[in-house]
Protein chains: 2
Amino acid sequence: MSEKRNPSGFLVKQRAFLKLYMITMTEQERLYGLRLLDVLREEFRPFGYRPNHSEIYKALHDLIEDGVLEQVKKKKEGMKLQEVVYYRFAGENGHEKAKKYKRQLKVELDRCQSMIQKAVRDNFGIK
Amino acid sequence: MSEKRNPSGFLVKQRAFLKLYMITMTEQERLYGLRLLDVLREEFRPFGYRPNHSEIYKALHDLIEDGVLEQVKKKKEGMKLQEVVYYRFAGENGHEKAKKYKRQLKVELDRCQSMIQKAVRDNFGIK
DNA sequence: TAATGAACATAGTGTTCATCA
DNA sequence: TGATGAACACTATGTTCATTA
């Protein structure tokens, strides 16, 4: 009978975290999949976090399904004749949806912050 | 060829998070499985995190395998004749191992804090 | 009925493979 | 070879079932 599974509400999932970055990076500069991956790996190297390529693609595809992003296939910058997939906000309200998603994620990140802070206090706090 | 699978190094896993709490709670007061669960659910209710019972048991069993905790079966406090499983640090060096685990988790929690802070800055920062 | 634990099932995510330019 | 995407496989975790007191 297809019971829905309840998440226990632990920390934010990697997928959601990446979707958030995909949106922000779309707001900032136009990049394609593997470049986004490189940028993120570079940014998070000091933290020991190294996402892999399929998570990036899944995050992007999720956002397409959510009606947030759409693809723009282009010849790669410069010489080669290789086709590459860039992203922009979808149609009329893609950017609105994106902003909404970001607001949710802000709440979620704040929640995670609080939980971890609590854990530090509870397990390592003075007293 | 049984290749080892690499975690990408995203946030701390629920299991590790709970093991940390199990250790600290063992340092503080003696409790048994389902009571630990109740306490944690109560503590994290404001954060929308509600662990389930099997995660607690798995965390405790992990710690036994790690040589950190051992079981003490006792009649439940008060009247009933029900047997309940309490925990204490195992043998000679259980508590040492526990402290070591906690040190690792402290590093890990700090790392998570930083990553989330970075995400907040990167995606919502002023500028 | 409360407690413990295991078995089972699904979601999350890492690895490999296929295809194309 | 770089890029994209899907298929596949394993891990993390949630749900259900069995057993006992």
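Let's start with what Ala90(B) touches: leaving out neighbours within four places in sequence, Ala90(B) is in contact with Gly67(B), Val68(B), Leu69(B) and Glu70(B), where contact means heavy atoms within 4.5 Å. Keep in mind that this is a predicted model, where local features need pLDDT of at least 70, side-chain atom pairs count only at pLDDT 80 or more, and totals for chains, interfaces and linings use all residues. On bookkeeping, residues are numbered from 1 along each chain as its sequence is written, chains are lettered from A and ligands numbered from 1 in the order in which they are written, and side-chain values use heavy atoms, with hydrogens and water left out.

Back to Ala90(B). You'll find Ala90(B) in the loop between strand E2 (83-89) and helix H4 (94-124) of chain B; helices (H or I, at least four residues) and strands (E, at least two) are DSSP runs, numbered from the N terminus. With a relative accessible area of 12%, Ala90(B) is buried, and buried here is under 20% relative accessible area, exposed over 50%, partly exposed in between (1.4 Å probe, protein chains only).

Okay, the two chains. A 180° rotation with 0.0 Å of shift along its axis puts chain A on chain B, RMSD 0.0 Å; that is the relation of a two-fold axis. Within chain A, the C-alpha nearest the axis belongs to Gln113(A), 3.2 Å away from it.

In one salt bridge, Glu43(A) meets Lys118(B) at 2.4 Å, N to O. Lys118(B) also lies over the face of Phe44(A), 5.3 Å from the ring centre. For a charge over a ring, NZ of Lys or CZ of Arg has to be within 6 Å of the ring centre and within 35 degrees of the ring normal. Lys102(B) does this too, with its charged end over the ring of Phe124(A), 5.6 Å from the centre.

Note on methods: Least-squares fit on C-alpha atoms with pLDDT ≥ 70 in both. Salt bridge = Lys/Arg side-chain N within 4 Å of Asp/Glu carboxyl O.
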